[in-house]
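Trainee: Could you take me slowly through one part of this model, with the cut-offs spelled out as you go?

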Amino acid sequence: MSEQEQRLLGATLWAIADDLRGAMNADDFRDYMLSFLFLRYLSDNYESAVQKELGSDYPDNSATPTTSPLQLWYHANPNDIVEFEKQMRRKVHYVIQPEYLWSAIAELARTQNEELLHNLHKGFKYIENESFEANFVGLFSEINLDSEKLGKNYTARNTKLCTIISKIAEGIANFSTNSDVLGDAYEYLIGQFAAGSGKKAGEFYTPQQISSILSEIVTLDSQDPTTGKKKKLERVFDFACGSGSLLLNVRKQLGSHGIGKIYGQEKNITTYNLARMNMLLHGVKDNEFEIHHGDSLLNDWEMLRESNPAKKMHFDAIVANPPFSYRWDPTDAMGDDFRFKNYGLAPKSAADFAFLLHGFHFLGKEGTMAIILPHGVLFRGGAEERIRTKLLKDGHIDTVIGLPSNLFFSTGIPVCILVLKKCKKSDDVLFINASEHFEKGKRQNKLRPKDIEKIISTYQYRKEEDRYSRRVSMEEVEREGYNLNISRYISTAVAEKEIDLKEVNDTLVTLEDSIIKSTQKHNEFLKELGLPLLP
């Protein structure tokens with residue numbers, strides 16, 4: 001499928017969503033729309049695998065098109081179902097019984113069957129608890145099928161869902177169902193719903209163009225980026241993963257076999273479920289990722305609580321877009337937390353450095369971390385200055401990238417990307433001022449492909465360019481009081497044009513002569529007319 005067709009699919013789905021949601025707000029309708037798209041993908045992927053597995057035994061349903069081939073096979077082979085499902089779990093890591101397939105649900109919707117709502121309830125529970133070997137309890141917990149926003153009673157809700165599902169089924173019937181296509185459509189819808197929910201969107205969505213910058217940076221060799229991408233990353237981590245787009249972008253850079261396992265953490269339950277669906281929908285198998293629902297600042301993931309340095313978890317790449325200047329309430333005991341004790345606690349007014357230190361603690365020696373933060377972390381004083389100073393003295397801050405303002409749905413402020421390493425090769429800090437390189441939009445500014453390429457290339461080859469990038473020695477950073485404000489190191493002031501005073505004087509003299517001649521000529525006319533002369 002071409003890029004144009006992918007955009008058309010996304011636009012088609014968004015038009016359906018925009019048309020059907022009525023009085024329901026974008027956040028609520030998003031959960032229904034994306035869940036049904038997810039079910040469509042799981043079903044089509046499973047049915048394709050079933051057809052391949054059964055081969056010539058795959059039933060022909062041309063005489064009964066409203067009944068799926070899998071349903072016909074189940075009816076004809078009741079004694080073989082258990083063994084068949086074991087085999088399918090080995091092949092595709094999950095099973096879906098015929099009555100819960102998208103085709104069965106869509107047929108109930110098409111015929112306005114009153115059992116649709118009951119069947120959806122049972123189908124969602126089945127997928128959460130029985131489809132996968134890994135437990136996906138709560139995957140659909142935010143999809144309230146009994147919500148009065150769908151209707152005042154069962155019949156009204158059933159009718160509304162019949163309409164929604166029928167429209168979706170019709171809209172995507174002619175499009176491909178492979179993971180790349182539906183995955184991209186899913187991401188497109190997440191972005192559109194993010195735009196519709198404004199500042200709330202910052203909780204779960206990082207614009208794709210910014211995701212691509214972080215993912216390209218962390219996949220380059222950490223010691224010598226000029227050698228290109230690493231062949232494989234064993235473990236990749238995002239401790240504020242939102243809908244998972246950053247992690248999926250890293251996977252896209254290296255291909256489906258380029259990452260051993262993906263790890264993510266997300267505090268918001270709705271977004272946590274979005275991330276799990278997003279992974280599966282992009283073809284990431286259930287044993288290839290682990291998303292934890294919890295609070296990174298409290299470090300409540302048991303896997304990350306190991307205090308013994310020899311046993312602690314390390315990641316080859318870490319990406320993150322945590323909430324900007326998040327207010328938190330650290331306890332006195334957190335001062336001794338192994339993540340913070342060597343640097344100090346971030347202030348209550350802004351947890352930016354707390355998020356950074358949390359991720360940095362788990363970065364491997366040969367790994368790269370790229371994190372999006374507000375510009376304030378570069379120059380604010382107090383506790384943040386002490387943390388920033390130690391990170392710089394220890395040689396952990398590799399690159400500072402300033403981005404244009406108004407790139408995010410959640411804020412209009414300009415932000416930066418900090419690139420950190422445990423063992424960096426260069427003994428300077430690279431500053432990149434990309435704040436003037438973008439395409440201005442009505443609601444949001446946008447980085448163009450050439451802007452993204454310029455950032456990546458400058459980082460990869462540590463190139464210096466007037467008004468854009470500069471390698472700054474640690475001695476200079478120290479003289480500046482470990483303040484990383486980009487304007488201290490890269491001047492963006494436009495030099496005033498040099499004025500040639502003789503040329504200006506000659507021009508004025510010429511003008512004066514012209515005025516005198518014109519006045520004399522004008523006075524001759526005035527004299528003939530008997531009018532007062534000009535002075």
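Mentor: Contact here means heavy atoms within 4.5 Å. By that rule, and leaving aside its neighbours within four places in sequence, Glu476 is in contact with Arg470 and Tyr489. Glu476 lies in helix H15, residues 474-479. Helices (H or I, at least four residues) and strands (E, at least two) are DSSP runs, numbered from the N terminus. With a relative accessible area of 14%, Glu476 is buried (under 20%; exposed is over 50%, partly exposed in between, using a 1.4 Å probe and protein chains only).

A word on what we are looking at: this is a predicted model, where local features need pLDDT of at least 70 and side-chain atom pairs count only at pLDDT 80 or more, while totals for chains, interfaces and linings use all residues. Residues are numbered from 1 along each chain as its sequence is written, and side-chain values use heavy atoms, with hydrogens and water left out.

Now let's turn to helix H7, residues 154-172, and its packing against helix H2, residues 26-54: their axes come within 11 Å and cross at roughly 50°. Axes are lines fitted to C-alpha atoms, for helices over the stretch in contact, with angles from 0 to 180 degrees between N-to-C directions. H2 and H7 are therefore oblique to each other (under 35 degrees is roughly parallel, over 145 roughly antiparallel, 65 to 115 roughly perpendicular, the rest oblique). The crossing of H2 past H7 is right-handed (the near helix is turned clockwise from the far one by less than a right angle; anticlockwise is left-handed). H2 brings Phe29, Met33, Phe36, Leu37 and Arg40 to the contact, and H7 answers with Leu161, Ile164, Ile165, Ile168 and Ile172. Those residues divide into 9 nonpolar, no polar and 1 charged (nonpolar: Ala, Val, Leu, Ile, Met, Phe, Trp, Tyr, Cys, Pro; charged: Asp, Glu, Lys, Arg; polar: the others, Gly among them).

H7 also meets helix H5, residues 102-110, where the axes come within 8 Å and cross at roughly 120°. That makes H5 oblique to H7, and this crossing is left-handed. From H5 the contact takes in Trp102, Ile105, Ala106, Leu108, Ala109 and Arg110, and from H7 it takes in Cys162, Ile165, Ser166, Ile168 and Ala169.

Buried residues make up 51% of its 535 residues.
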